[in-house]
Amino acid sequence: MLLTTGIIETGYFHIERTDIKAEEVEISLAQKDPKAFEPLYLRYFERISHYVYHRVESKEIAFDLTANTFYNALSKLSSYKSKGLPFSAWLYRIAFNEVQQHYRGTKTQGVLNTNNKGVSEIMDSLPENSYPINDEQLFEAIEQLKEQEIELINMRFFENRSFKEIADILTIGESACKMKLYRILEKIKNSFTDK
Amino acid sequence: MKRFKIIKNREALSSQEINKQMDFGKFITAHTPVNSFLSAKIWLLGGAGAITVAAIAFAVMTMTNGEDPKKLSKESTRAFVAPPLPKMTIEPNTNTISGNADTVINYASGAKVFIPANSFVDKDNKPVTGPYTIHFREFRDQFDQLLSGIPMEYDSAGTKYQFESAGMFEIDGTKDGEKIFIAEGKEIAVDMPSTDLNNKFNVYYLDTVAKNWSYDKNNSLNSRTLIAGIDSLLHQKYHTGVKSIVVPKEADPNLDNLVIDFNKDEFPELAIFKGIKFEFIDRKTKASEGVNNTWEDVSVSRKEKGRYLVEFTKGDVSKSFITVPVLEKAELEKTFAEYDHIRIRRMAKLKNISDSITNLRGKYEKEHELSKNANEAITKMVSEGKFLSALNDYVDLESVKLLTRSGTITRTALIRRFGIYNFDAMASLSTLWEDVIKREVKKTIVAHYYFGNKRIESEIDNAYLIKRDFNGIFKLDWKEIFDFPVTSGSNADILIVVTKNKQFYYIKDEEFKAIDFNAKDIAFNLKGAPVTVKTPGALREFLEL
């Protein structure tokens, strides 16, 4: 049983259409009065912090970039136009850009935050006939992927996000998202078979 | 160098670490220069100029919210808050408080006002000592809102939003007839029972100077009472749940019994047993007394202590017997194992609920230890929807209804000045009243208002639309009445019209819904309330609100 709530809280991300409508009202208020941004800030601060920390090395950098994300979000809010997607999708995209800018600016090595569950899920998802591989080989194969491809692997396997959520963040369709992931996994598989 | 540093199985950020960083006040202060109402040109002044601009902006933003409450006059409130029917107003409760200690005022509705010691000052900022009087009135539903004359629209930079309310109240204080004020740094807590567990309702303060609602606090749900309610609910479920299975006894060979084909849906506590008989508890009573007559009907009803009343009727004649459910020895042994299984399963389920809630409580208590502020931590969880999410796993819908019915759920406003507060959620006019009012695609429809044969347009002062399942009212101003912006029918239930001489008219339900809103001209054939309807209670009853 799920109670209906005005707060978007069903699962980590999933959001009902009615909630998107309610959120649009909040956004519209915040566009006119920055103080009205508070509910959105409080609702998403934690999620964005987790998202950023997943992609950087230290907590200090994570919180700096999270603060930048919200600062930029509020600054750009007047130009925000709802496309029927959750507001968080927009915030994640800003956060992603913040992380990218951070690495470009500091010219430091990026971070791939992994866990055992995600690794074994990738292994399980690799198309059949892959050669048996170990974690390090897998990471090497991931390293050869494009930035957006790594982001998709990251969100799907190491952050356990749904296809719907990933699709919203990347502003692509859900089926396109699945297809992209399938091709990335093919690419990883091929990187072993080509050797 | 590799592109990535691989980090394996790193621990995620803790709630405490995140909470420490999450500070909207600090964030918005830092962000204030990025304002939509100051032009980029001004911002280019830079340096000291920019600071000046920011300071001005801050002054503008706080002018209404930060207004010295002592300067707010009753007159301004009256001009803005205009009860449409002055003879039918909701009277405040008045309580005189002596002394200056911490005080809790309990109202019959279940509302509570928590007043810390030394909370008040007079107009010269001097401390007020008791006796002083607190005036408090509540507006719970559409009818209260109608009588209050309090605007239920929220104007945000020219865009109007309709408020949906989970309760509204007005609080004021006086000493010797003079207004008193809440001292700086003091907060009074007002708890209002709520029947809505939804956590979308924020707290708004009615700023009578700016003539608009002012956002005060995110989410009003009081998690403290919610947790207490869950505990109480658990207690009830744990006990009544187990007791609800009636354990049949072994049939006594010396007592007569009856086999009755009873409805198992009606007696679920007996449904699991096969071959139930109803045994007379009175040794003198014989089954033959019931059986040997021809009866037209037989009924079974539940009595106390696992007993059942069996009643035979024929015309005006009836005969009843007190019985207990029994099973013959063989049947009893066969089904007792099943009963035990069900009992154990049920106990286990209840134990799981108990454990889950204990864990839930433990989680918050842990937060309490870590954050040194449990209330803040729980409030945060509630505001983020996490509390409800956790609750969903443990408490079923029926239980939630029980909680809301019992008045266990309350909403809390922490107030720093007297006035009118509302636990509100915004609803977009365009979606809410989609079928009633489409401002964007408004077409000119001339509406005529009749009372009998008399047209009363020129006499109208105010008109309101009410939708029974939406706790808010929509006020039409008089211009809209003549240019009724209706396009395609109505999902409202009642149209109420009040004339300048405070006469009350209405059209509601079937008659209102039967109106063809697509017609070029609309005629509202209004009715008046009977002369016997003189009090708010009578009017509420009459309108079936």
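Read along the sequence, chain A goes α-α-α-α-β-α-α-α-α-α, which comes to nine helices and one strand. Here helices (H or I, at least four residues) and strands (E, at least two) are DSSP runs, numbered from the N terminus. What you're looking at is a predicted model, in which local features need a pLDDT of at least 70 and side-chain atom pairs count only at pLDDT 80 or more, while totals for chains, interfaces and linings use all residues. Residues are numbered from 1 along each chain as its sequence is written, chains are lettered from A and ligands numbered from 1 in the order in which they are written, and side-chain values use heavy atoms, with hydrogens and water left out.

The model scores ipTM 0.86 and pTM 0.46. Chain B averages a pLDDT (the predictor's confidence in each residue, from 0 to 100) of 70, and 59% of the residues score at least 70. Over residues 32–79 of chain B the pLDDT is below 50, and this stretch has 43 contacts beyond near neighbours in sequence; a contact means heavy atoms within 4.5 Å. Residues 390–396 of chain B also have a pLDDT below 50, with 17 contacts in the model beyond near neighbours in sequence. Where pLDDT is low, the predicted coordinates should not be read in detail.

**Chain A**

Of the 195 residues in chain A, 55% are buried. Buried means under 20% relative accessible area, exposed means over 50%, and partly exposed is in between (1.4 Å probe, protein chains only). Among the contacts in chain A with a separation of 6 or more, 65% come from residues 24 or more positions apart.

Take helix α3 (residues 59–76) of chain A. At 1.5 Å a residue, its 18 residues should span 26 Å, and the end C-alpha atoms are 25 Å apart, which agrees; the expected span is 1.5 Å times one less than the number of residues. Buried residues in α3(A) include Ala62(A), Phe63(A), Leu65(A) and Phe70(A).

**The cores**

A nonpolar core is a set of buried Ala, Val, Leu, Ile, Met, Phe, Trp, Tyr and Cys residues joined through side-chain atoms within 4.5 Å. The largest one has 100 residues, and those with the most contacts inside it are Phe37(A), Phe87(A), Ile142(A), Ile153(A), Ile188(A) and Ile496(B). Helix α4 (residues 87–106) of chain A supplies the largest share of this core, 10 residues. Apart from it lies another core, of 28 residues, among them Tyr107(B), Tyr132(B), Ile134(B) and Ala425(B).

What does Ile142(A) touch, leaving aside its neighbours within four places in sequence? Its contacts are Leu112(A), Ile122(A), Ile150(A), Ile153(A) and Ile188(A).

**Chain B**

Chain B has 17 helices and 28 strands. Of its 545 residues, 46% are buried. Among its contacts between residues at least 6 apart in sequence, 72% join residues at least 24 apart.

Four of its strands form an open sheet in the order β3-β4-β11-β20, with antiparallel pairing. Two strands pair if DSSP finds at least two bridges between them. β3 (103–106) and β20 (410–415) of chain B stand at the edges, each with a single partner strand, so one side of each is left without a neighbour in the sheet. From one strand to the next, the twist averages 15 degrees.

| Strands | Bridges | Facing residues |
|---|---|---|
| β4 (residues 112–115) and β11 (residues 188–193), chain B | three, antiparallel | Phe114(B) and Ala189(B) |
| β2 (residues 93–97) and β6, chain B | five, antiparallel | Ile97(B) and Tyr132(B) |

Strand β6 (residues 132–139) of chain B is mostly covered, as seven of its eight residues are buried.

Is Asp282(B) buried or partly exposed? Asp282(B) is partly exposed, with a relative accessible area of 39%. Asp282(B) sits in the loop between β16 (277–280) and α9 (287–291) of chain B. Its C-alpha atom is 8.5 Å from that of Phe321(B), although the two are 39 residues apart along the chain.

Ile507(B), in strand β27 (residues 504–508) of chain B, is buried, with a relative accessible area of 5%. Ile507(B) and Leu495(B) are 12 residues apart in sequence and 5.4 Å apart in space, C-alpha to C-alpha. Leaving aside neighbours within four places in sequence, the contacts of Ile507(B) include Asp493(B), Leu495(B), Phe512(B) and Phe524(B).

Technical notes:
Axes are lines fitted to C-alpha atoms, for helices over the stretch in contact, and angles run from 0 to 180 degrees between N-to-C directions.
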